[in-house]
Amino acid sequence: MLSLGIDTSCDDTSAAVVIDGTKMLSSVVSSQSFIHKKYGGIVPELASRRHIEMIMPVVQESLLLANVTLKDIDFISVCYGPGLIGSLLVGCGFAKAVGFAGRIPVVPVNHLEGHIFSIFLEYSDLDFPFLAMVVSGGHTCLYIIKDFGQYIELGRTRDDAAGEAYDKVAKILGLGYPGGPVIDKLAKVGNSKAFNLPRAYLPESFDFSFSGIKTAVKLKTQQESLSSTGGTINAQITKDFCASFQAAVVDVLVRKIEWAVAKQSIRKVVLSGGVAANSELREKMKEMAEEKEFKLYLPSISLCTDNAAMIAAAGYHHFLSGNIASLGLNPKAYLPL
Ligand code: KG4
Ligand code: ZN
C-alpha cells in the first residue's frame, strides 16, 4: 500500500511517499526557518502563506523522488492536528482537494501519533508495548503505547514544551530560531557547571515543567549583562549558558525515562520529536539504556524533526482500520492523542 504523507502543522512544509507504513521511498521537507528567524519564533500568518506557496512543489518533488505518480497512490495521510490552525488548513485543504479530484482516500493523522510511529520507518519489527517520549517544540509527553490506537498518557508538560524552552532560551541569548540546533552546538564548548539552573523533577509524577528554567536563564543573563563591560554578555558566557541549560533539560528527561522504565516494567523506549535530535540527550539516553538494561529506539535525526514520512507511517494503520476522512475533515489546533 502506497501512501502520500502530508504535514503542514507548524513551519515545515513536508511530503513523503511510504510503502506499508514502514518503507520510505521519499521524504521532502521545506523549512521556513529563514522566514521566522528574524522574529525569534514562528509567525503563524507567515507560516500559512509559505505553506500555500510550497505545498504543490514539495508534493511534486516527493512523487518524483519516489518515482511514482498520483495514480499509484493508494491513500493520502494528512496531519490534521495539533498545530497552527492556519498551517494545518493548507495541508488538509490540499489533501482533500487532491483526494477528491483523484478519487484517493484521505486518512487523518494526529501529529503526535506521527512522531511516535516514525520509529517504524527504521525499526519495522518493533513490537508493542513500548514507552514513548515525544519531545518537540509543541509537546513534551510520555506514553505507554500498548498497540496501534491504544495509548496511555503517563505525563505531559505543565507549561512549556522542551523544544519551546530551547527556542525561548535561544531568543534570550540572541541566538535566533530555532534554538535547539544552535544551543546543542554551543553547549559542546561551554561549561555545564557555570550556572546552577533549576531542574523540575516533579517527583511522584511523570509530568514535566520547563518554564522555570527559562525564567532562571532570563534573570541570570540580565545579572550577567549588568555586571559586564558594555552591558552585553560575552561569547564564552553565552556558551556556558547553553551548556548549563542543556545539561539541566537533558538530566530531567533522562531521569523521567529511568523512573518510567522502573515503574512500568517496560523495557523498550522510543524517543521522538525535534528535541530527540539533541546530541547530548541521545548520548545520555544511550548510557541510561545500557546501565538500566532497556532497549532504546532512536529515530535518525531527519525523522526526529517534523516530516511527512511519519504521518504516512501512522496513516497506514488508520487506513487498515478503515478510518477514512470525509470532505468535512477540519483541522484541529488542539488534538489530544
Ligand atoms: O518535532 P519538531 O520538528 O516540531 C514540533 O512538532 O514542534 O520540533 C521542533 C523543535 C524546536 O523547538 C527545535 O528547537 C527543537 O525541536 N530541536 C532541537 C534540536 N533540533 C531541533 N532541540 C534540541 N537539540 C536539537 N539538536
Ligand atoms: Zn512535530
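Author: Start with ligand 1. This model is predicted. In it, 21 residues surround ligand 1. The closest are Gly137, Asp167, Gly180, Asn278 and Asp306.

Now look at single atoms. A polar side-chain atom of Asn278 sits 3.0 Å from a nitrogen atom of ligand 1. A polar backbone atom of Gly163 is 3.1 Å from an oxygen atom of the ligand. His111 uses its side chain: one of its polar atoms lies 3.2 Å from an oxygen atom of ligand 1.

Next, step back to the whole chain. It is divided into domain 1 and domain 2. Domain 1 comes in two pieces, 2-118 and 303-320. Domain 2 covers 125-298.

How far apart are the centres of domain 1 and domain 2? Taken over C-alpha atoms, 26 Å separate them. The contact takes 20 residues from domain 1 and 20 residues from domain 2. Together the domains bury about 1,600 Å² between them. Of that area, 73% is on carbon and sulfur atoms. Three residues stand out on the domain 1 side: Leu112, Ile116 and Cys304. They supply 37% of the area that domain 1 buries against domain 2, more than any other three residues.

What about charge and polar atoms? The interface of domain 1 and domain 2 has zero salt bridges. Polar contacts do occur there: four residue pairs are counted between the domains. H4 gives the largest share, five residues. By type, this side has eight nonpolar, nine polar and three charged residues.

Follow the chain on from H4. Pro129 lies in the loop between H4 and strand E6 (130-135). The peptide bond from Phe128 to Pro129 is cis, with omega near -5°. Tyr177 and Pro178 are also joined by a cis peptide bond, with omega about -5°. Pro178 is in the loop between helix H5 (162-172) and helix H6 (179-187).

Leu202 is in the loop between H6 and helix H7 (211-227). Its phi is positive, about 45°, although Leu202 is not a glycine. Glu293 is found in the loop between helix H9 (279-292) and strand E10 (295-297). Phi of Glu293 is near 55°, again a positive value in a residue other than glycine.

Finish with charge pairs. Side chains of opposite charge can pair when their charged atoms come close. The count for this model comes to 15 salt bridges. One salt bridge joins the side chains of Asp251 and Arg255, at 3.4 Å from N to O. Why are these two about one helical turn apart? Asp251 and Arg255 are four residues apart in helix H8 (residues 235-264), so about one helical turn separates them.

Methods: Residues numbered from 1 in each chain as written. Chains lettered and ligands numbered in written order. Predicted model: local features only at pLDDT ≥ 70, side-chain atom pairs only at ≥ 80, totals over all residues. Heavy atoms only, no water. Domains from an automatic or database assignment. Contact = heavy atoms within 4.5 Å. Buried area = accessible area lost by both parts, 1.4 Å probe. Salt bridge = Lys/Arg side-chain N within 4 Å of Asp/Glu carboxyl O. Polar contact = N/O pair within 3.5 Å; in protein donor to acceptor, adjacent residues only side chain to side chain. Nonpolar A, V, L, I, M, F, W, Y, C, P; charged D, E, K, R; others polar. Near = heavy atom within 4 Å.
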